[in-house]
Amino acid sequence: MGADTSQSAATTGRPVLVVGCGVAGSALAIGLARAGIPTEVVDIAEHTDGAAIGLVGRAVNALEELGVLADCVAESAVAGDAGAGFPAATFDQAGRPLPVPPPPPAADPRLPAALALYRPVLAAILWDAARAAGATRRIGVSVRELSQSADRVDVTFTDGTRGRYQLVVGADGFRSAVRDLVVGPEITPVYTGHMSLRWLVREPPAGPPGAYTAPGTTVTVAPLRGGLLQVATGEDMPKVRIGQARARAALRDILGRFSAPLLVALRERLTEDQQIVTRPFDYLLVPPPWHRGRVVLAGDAVHLSTSHLSYGGGMALEDAVVLVQELLAPGTVEDALDRYAKRRFDRVRMIVEASVGLLRLQQR
């Protein structure tokens, strides 16, 4: 790793391997490939699960830097001025409007303050841009073993194939196999005791979107493009795999605590053929360093928050942009990876701690 410090860290002819094709992995592939760095991406599955994703503040700047902002705006349900945000309004149990503080001024008046996309649509936009820039992808494999020397990482994949890379980035989510290999399995996400429930409603009933609050719970209703409406809430419960019948029953019970007309109408629409996306709200914050040699972590593999600030995806985008910037700056790989974690740690710690803190207030 003793490269000439007048050169960027990413100077060898070997490719960079990105493990994971989610928001962080695809965004990294865009930045690296556009910089002329050969980039290979692997992932266990091509399908992206999830519902809506909110992108605000610096995440919008990151989309601009990656060259995909226009495509994301075209697919977004929210692309307004500084008054746009998540949620746009707050209501009580009966649907009466509650006062909300004025939104902060836009960080960059040129850009929309907030975007809301269907997560699989965002994934498709990001990967299409990465592929157009020259990145390649292999689906159905992950990393089994890593072996490092001073200037390379030798990788054995789960299908028995091997590869040699100048850098490996673990962007493979909160169950990261790369994190287990380089940091150890003792660092794992912590369950908050709260299970997220999200429902995408087609041809939804009419009513004002926003956050509806009742003692001990909040239901956020947000429109998406294509006539979709996301209903997002959660329930305290043990961390167990719950089937669709139990998920629907839990959501029906929560909606039944409200007399707001929209939530009453949504409860009536919650028939047995509806699918609920469930996810345990875990949190994770890996202390620096975020790398071991030439293997580094990004996105949910290294920090994970609840959705209460609507910024998990934003953090992943920021990670990608900052990591690419540092790899292209003068210095060694070690220098670049140290700078990357130093720039990111305090910010992601603030997001993780604040999002978990908001959940704890809701759980009281």
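Start by selecting Val-231, which sits in strand S15 (residues 228–236). Val-231 has 0% relative accessibility and so counts as buried; buried means under 20% relative accessible area, exposed over 50%, and partly exposed in between, with a 1.4 Å probe and protein chains only. Strands (E, at least two residues) and helices (H or I, at least four) are DSSP runs numbered from the N terminus.

The model is predicted, with local features needing pLDDT of at least 70 and side-chain atom pairs counting only at pLDDT 80 or more, while totals for chains, interfaces and linings use all residues. Residues are numbered from 1 along each chain as its sequence is written, and side-chain values use heavy atoms, with hydrogens and water left out.

Next, go to Glu-203, in the loop between strand S12 (190–202) and strand S13 (210–214). Glu-203 is exposed, with a relative accessible area of 69%. Check its backbone as well: phi of Glu-203 is near 50 degrees, a positive value in a residue other than glycine.

For another backbone feature, select Pro-288 and Pro-289. A cis peptide bond joins the two, with omega about 5 degrees. Pro-289 belongs to the loop between strand S16 (276–285) and strand S17 (291–292).

An open sheet of 3 strands, in the order S8-S9-S10, is found here with antiparallel pairing; two strands pair if DSSP finds at least two bridges between them. Strand S8 (143–149) and strand S10 (162–165) are at the edges with a single partner strand each, so one side of each has no neighbour in the sheet. From one strand to the next the twist averages 20 degrees, where axes are lines fitted to C-alpha atoms (for helices over the stretch in contact) and angles run from 0 to 180 degrees between N-to-C directions. S8 pairs with strand S9 (residues 152–157) over 6 bridges in the antiparallel sense. Zoom in on Ser-149 to find Arg-152 of S9 opposite.

Move to strand S6 (residues 114–118), where 4 of the 5 residues are buried, so the strand is largely enclosed by the rest of the structure. Strand S3 (residues 52–56) pairs with S6 over 5 bridges, again antiparallel. Gly-54 has Ala-116 in S6 as its bridge partner. Ala-113 is in the loop between strand S5 (97–98) and S6, and counts as buried at 17% relative accessibility.

Show the cysteines Cys-21 and Cys-72. Taking a disulfide as a pair of cysteine sulfur atoms within 2.5 Å, the count is 0. Cys-21 is in no disulfide, and the nearest cysteine sulfur, that of Cys-72, is 14 Å away. Cys-21 counts as buried at 8% relative accessibility, and Cys-72 counts as buried at 0%.

Finish at the second largest pocket. Which residues line the second largest pocket? Arg-58, Asn-61, Ala-62, Glu-65, Glu-318, Val-321, Val-322, Gln-325, Arg-343, Arg-344 and Arg-347 do. Helix H2 (58–66), helix H8 (312–328) and helix H9 (333–363) are the elements that give two or more residues to this lining. By class, the lining has 3 nonpolar, 2 polar and 6 charged residues.

Conventions
1 Å grid on protein atoms, 1.4 Å probe; cavity = no way out; pocket = protein on both sides within 12 Å on 5 of 7 lines; lining within 4 Å. Nonpolar A, V, L, I, M, F, W, Y, C, P; charged D, E, K, R; others polar.
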